[in-house]
Amino acid sequence: MNKKTLKDINVKDQTVLVRVDFNVPMEGETITDDGRIVAALETINYLIDQGSKVVLFAHMGRVKEKADKAKNDLAPVAKRLGELLDQEVAFSPVTRGQELEEAIKALKGGDVLLVQNTRYEDIDGNKESGNDAELGKYWASLGDVFVNDAFGTAHRAHASNVGIASHLDSAVGFLIQKELEVIGGAIDHPKRPLIVILGGAKVSDKIGAIENLLPKADKVIVGGGMAYTFLKAQGLEVGKSLLEEDQIDFAKKVMEEADDKLVLPVDVVVADDFSNDANTQVVAIDAIPADWEGLDCGPATVKRFEEVLDGAKTVIWNGPMGVSEMPAFAHGTIGVATATAKLEDATTIVGGGDSAAAVKELGFEEDFTHISTGGGASLTYLEGSPLPGIDAIADK
Ligand code: ADP
Ligand code: MG
């Protein structure tokens, strides 16, 4: 990796501005999952140990009007971070001005301050999300160096990542470093065989990932809702299953280029309703009834996918194999997760918001080498597309 990492820059006794991903789910003022805060601790603790004055920038939710402010207030996050660090975390309730500037001046080496939700700046002219030049410059003026450790927003050019980075010496934090090393390593020089698993809802969301990964992979397993467009492209009837008519030609092209690399379902679980309580049956892919929709892979498909995964040394997985939010249609996803979890001596990666959530929810969190912390960012990375938040960081 050619980007500077935390250990490549001088942070000792410096005021270090850090972009972190604290976009945690909230119920009222209660954080229901503090995983993202925990994930940032390694970088923050390193800076504390170096005697840095740590100034954290983070966003929460979307803030388009004043009414969005209260529910996206970061004050509870500062409190939780303080508990996790076992030290007081100062909080600036504003994103600019005297109160913020004085709070930063008051910091001593090893102190930590969290700045209010950067997207409060979106109310008046989309300044954060639109990467307003003046805002990025102002925030940069508050510190000596910049560290980006928010992988979740790395695919966006915002004032709090790209804006600040363009004015200061900078580095990626430990979390982004791991994302780039593990995912980048698996794509660029995988131990083979490399098996790519693609699923989820739509082919159209995954075009870039298919085009980038198909030539590199030894096999590409296709499941989930997107499989039906491929089946239709083979001339099969898919009933009421998810189908993107306008992607059929793309699917045909992929199948031609793929030769025998592509592994498609051989049977599916169809339902008479999009609901966990629907009536279901397992049918072969050439026998999908006209009034039913495919919501999961069938058992013969799971077996076929298991065979393909057997012996894999690298697995990159994006997209659930069925409507895994509903237990009735989670068997394909569980099957693939189990087969991947069993692999010995393999690098196994899950990228994608819903896939990562599914794998955790189904209890496989500890069984994978890496579950990406960035949904959209990991998909962008799998596409081989630029990540502005990382491109903006100084080269080594
Ligand atoms: P990720 O966020 O991991 O990239 P996607 O957003 O592409 O994944 O897809 C996740 C969604 O795909 C889930 O909401 C899931 O219900 C849906 N899905 C998976 N299989 C099917 C299917 N057969 N029919 C309809 N929706 C499906
Ligand atoms: Mg998704």
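Domain bounds, as I use them here, come from an automatic or database domain assignment. The model I am reading is predicted.

**Entry 1: domains**

I began with how the protein chain is divided. The assignment gives domain 1 (6-175) and domain 2 (182-381). I then looked up the separation of their centres, taken over C-alpha atoms, and found 35 Å.

**Entry 2: the interface**

How many residues of each domain are in contact with the other? I noted six residues of domain 1 against seven residues of domain 2, with contact set at heavy atoms within 4.5 Å. Together the two domains bury about 530 Å². Carbon and sulfur atoms carry 69% of that area.

Next I asked which residues supply the area that domain 1 buries against domain 2. F151, H155 and L175 account for 75% of it, more than any other three residues.

**Entry 3: the largest pocket**

I turned to the pockets. The largest pocket holds about 830 Å³ of space. Its lining has 28 residues, and those closest to the centre are K360, E365, I371, S372 and T373. By class, I recorded ten nonpolar, nine polar and nine charged residues in this lining.

Which elements each supply at least two residues of the lining of the largest pocket? I listed α1 (35-49), α6 (174-188), α12 (353-361) and β17 (370-371).

For the second largest pocket I noted a volume of about 550 Å³. There are 33 residues in the lining, and G200, A201, P320, G322 and D354 are the closest to the centre of this pocket. Two or more lining residues come from each of α7 (203-213), α8 (227-233), β14 (293-297), α12 and α13 (375-383).

Which element gives the largest share of this lining? I found that β14 does, with five residues. The class count for the lining of the second largest pocket is 13 nonpolar, 13 polar and seven charged.

**Entry 4: cross-check**

I went back over the element lists for both pockets. Helix α12 is among the elements for the largest pocket, and α12 is also among those for the second largest pocket.

Notes:
Residues are numbered from 1 along each chain as its sequence is written. Chains are lettered from A and ligands numbered from 1 in the order in which they are written. This is a predicted model: local features need pLDDT of at least 70, side-chain atom pairs count only at pLDDT 80 or more; totals for chains, interfaces and linings use all residues. Side-chain values use heavy atoms; hydrogens and water are left out. On a 1 Å grid over the protein atoms alone, a cavity is a set of points where a 1.4 Å probe fits but cannot get out, and a pocket is an open set with protein on both sides within 12 Å along at least five of seven lines; lining residues have an atom within 4 Å of a point. Grid points are joined across faces, edges and corners, and a volume is the space filled by probe spheres set on the points. Helices (H or I, at least four residues) and strands (E, at least two) are DSSP runs, numbered from the N terminus. Ala, Val, Leu, Ile, Met, Phe, Trp, Tyr, Cys and Pro count as nonpolar, Asp, Glu, Lys and Arg as charged, and the others, Gly among them, as polar. Buried area is the accessible area (1.4 Å probe) that two parts lose on being put together, summed over both.
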